[in-house]
Amino acid sequence: MLDVLKYQRPGAPRNSSGKGAIQISEASITFGRGVSAYHAVQSTSLRILPGEFVCILGPSGCGKSTLLNAIAGYVKPTTGAVSVDGVAVEKPGPDRGMVFQQYSLLPWKTVYENVSFGPRMAGASRTEAGSIANTFLGMVGLKKFGSRYPAELSGGMQQRVGIARALANYPSVLLMDEPFGALDAQTRLMMQESLLEIWAKFGTTVVFVTHDVDEAVFLADRVLIMSAAPGRIIEDLRIDLPRPRTTDSAALSEYIAARQHCLATIRSESRKAFEEQNK
Amino acid sequence: MTQAVQTLSEEPIPLGQTEQSALSKDPAPTVTPGLLRRALHPDLLRSLGLGLLSLAAGVLFWHWASATNLNVFVNFENVPGPGKVFASFLGHLETEIFYTHIRVSMQRILISYSIAAALGIGLGLIMGRSRIVRAFVMPYIEVIRPIPAVAWIPLAILMWPTEEASIIYITFLGALFPIVLNTLHGVEQTPEVLVRAAQSLGASRLAIFAHVVLPAAMPSISAGLAIGMGVSWFSLLAGEIISGQYGIGYFTWNAYSLINYQDIVVGMLVIGFLGTASTAAIKLLTKPLLKWQKRTR
Ligand SMILES: Nc1ncnc2c1ncn2[C@@H]1O[C@H](COP(=O)(O)OP(=O)(O)OP(=O)(O)O)[C@@H](O)[C@H]1O
Ligand SMILES: [Mg+2]
């Protein structure tokens, strides 16, 4: 842990300084042009505070990934603007860590090399990067697996390495695109709990995309519900469950109420979409 | 021969896949050293045995066909039997010139193949990442690739200052295309999510090239290198028509014009053996670069 504190990447201070504010103003994202134009995200405005844990919840294909990719810098909004800490997002960068839905570790690098890759790119020496990698691998419980190749790990382990890799750059924002989507229910619950633990330690802003209502309610301070295409945020729900949350939190009445509310919103939205299609 | 060139360089074959499946049969690690364990592996021994058995059967058939002057559509009457060919081969082993032929050919291969590998991988990588370069270079590849090595001979003689340069040019050309195309194919196979991951970790364009694109293309590149080695051998054979003195291809052509049937077969078999051996050497050399694949299940 000491090594981590020693290492400060220039321009990306720890989150205790209140970094990680996200501002989206009137952003629309259209793929293609003319008749084949597809409106994936429609005039979305959004403010996320530093250190907030926000879940974006919505049906498949509604534009969740697209919105997240706009924050990450992979997609440019067709109109409107996205900025992080007041700086317009132009391209991907290490201040916004990304955890993908598919496995995205570099298969030709060991677990250890994958995690130390970011610090290396930021100019850390081999030993510095190595101690950072060890710290974060320890944090996700995979210190012993450093010399393995990604293909030798289970899916859950690979995603943990993915999280460690994103955190190793001390990002002010952690963007997660259905990171636990491919995991079994048991592993998923475990991963959710350990993600919350890590988040409590770092206080990074987290934007977490999911289509699982339970996951969203369990994790988030705020759940943003998106409509089916074209994607818009139709509900901004605050979840005031006490933290730290454990699997027992699911029994609390606030949890159940929030869950019911989300489900009802999604149901009425999909009914609307269905009627729209049948007109 | 034209056809052989075509089929060999047509489709990039991902080499890694086949090796992967063979390796995945390895039993759980034991105390036996890895190399020995692999060498004594029953599956490997069996396929080795089967290969030898098949070759022996082929030689036996060849012997029988030429001994009985078999003439059923394919005529074996003038084909020398394995005994004669082997005797002729042993005879050549006593002469110094035979080794010179082999040495000269191997030198030519080494030079032209090295140039083809360096240029082919470089060009393939750049073409894979730049649409402009790709659009610019591709027409040349499309047009030149189908031209068989033999067809180049007259022009090569006119264009290059020395015989040696012409032969090397023709051999180089044969190896170049499979290497370029396989490299290009490999680069195109790079999963976009890996590029994105590297970008969000702060990697520069150059770093992405070195840490993501090149390793992702490596299985395909090494397949291209292996195919290119094979193709360079039969391009060499064509090129050595030009050579007035040395080379195993020259040896074979010379035997042909002297109507020395045994030597033709000796030449053919030596080329076959050298081609196989050098392709195996290339695979062995690129293997360490693919060691991460080995562990993929
Ligand atoms: N690069 C692109 N070009 C054209 N259309 C795209 C592109 N990327 C996404 N889309 C379309 O935009 C829509 C939203 O896609 P997106 O990936 O954001 O959905 P999602 O909400 O993440 O869905 P899922 O839950 O299935 O991941 C989809 O209909 C998709 O086909
Ligand atoms: Mg998605």
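A: Before the surface figure, a definition: accessible areas come from the Shrake-Rupley method with a 1.4 Å probe. Keep in mind that this is a predicted model. The accessible surface of chain A is about 12400 Å², and carbon and sulfur atoms hold 53% of that area.

Q: What share of the residues in chain A is buried?

A: Of the 279 residues in chain A, 52% are buried.

Q: And how does the radius of gyration of chain A fit with a compact globule?

A: It agrees, because a compact globule with 279 residues would have a radius of gyration near 19 Å, and chain A has 19 Å. Along the principal axes, the C-alpha atoms of chain A fill a box of roughly 65 × 45 × 35 Å.

Q: How many helices and strands are in chain A?

A: There are 8 helices and 10 strands in chain A. Looking at contacts in chain A with a separation of 6 or more, 70% of them are between residues 24 or more positions apart.

Q: Switching to the strands, is β3 of chain A mostly covered or exposed?

A: Strand β3, which spans residues 53-57 of chain A, is mostly covered, with 5 of its 5 residues buried.

Q: Which way do those residues point from β3(A)?

A: A:Phe53, A:Cys55 and A:Leu57 point one way, while A:Val54 and A:Ile56 point the other way, and all of them are buried. As a rule, side chains in a regular strand alternate between the two faces of the sheet.

Q: Which strands are joined to β3(A)?

A: One of them is β8 (residues 205-210) of chain A, which runs parallel to β3(A) and is joined to β3(A) by 5 bridges; within this pair, A:Leu57 stands opposite A:Thr210. Another is β9 (residues 222-226) of chain A, also parallel to β3(A), with 4 bridges between them, and here A:Val223 in β9(A) is the bridge partner of A:Cys55.

Q: What about an open sheet, what order do its strands have?

A: There is an open sheet of 4 strands in chain A, with the order β2-β1-β4-β5 and antiparallel pairing. In chain A, β2 (38-48) and β5 (87-88) stand at the edges with a single partner strand each, so one side of each has no neighbour in the sheet.

Q: How is β1 joined to β4 in chain A?

A: Strand β1 (residues 22-31) and strand β4 (residues 79-84) of chain A run antiparallel and are joined by 5 bridges. A:Ser28 stands opposite A:Thr79 in β4(A), and A:Gln23 stands opposite A:Ser83.

Q: So what does A:Ser83 face in β5(A)?

A: In β5(A), A:Ser83 stands opposite A:Ala88, and the two strands, β4(A) and β5(A), pair in the antiparallel sense over 2 bridges. Their hairpin has 2 residues between the strands, and A:Asp85 in this hairpin takes a positive phi near 50°.

Q: One last topic: why does A:Gln159 count as buried?

A: A:Gln159, which lies in helix α5 (residues 155-167) of chain A, has 3% relative accessibility and therefore counts as buried, since buried means under 20% relative accessible area. Leaving aside neighbours within four places in sequence, A:Gln159 is in contact with A:Val99, A:Phe100, A:Gln101, A:Tyr103, A:Pro179 and A:Met191.

Technical notes
Residues are numbered from 1 along each chain as its sequence is written. Chains are lettered from A and ligands numbered from 1 in the order in which they are written. This is a predicted model: local features need pLDDT of at least 70, side-chain atom pairs count only at pLDDT 80 or more; totals for chains, interfaces and linings use all residues. Side-chain values use heavy atoms; hydrogens and water are left out. The radius of gyration is taken over C-alpha atoms; the globule rule is 2.2 Å times the number of residues to the power 0.38. Buried means under 20% relative accessible area, exposed over 50%, partly exposed in between (1.4 Å probe, protein chains only). Contact means heavy atoms within 4.5 Å. Two strands pair if DSSP finds at least two bridges between them.
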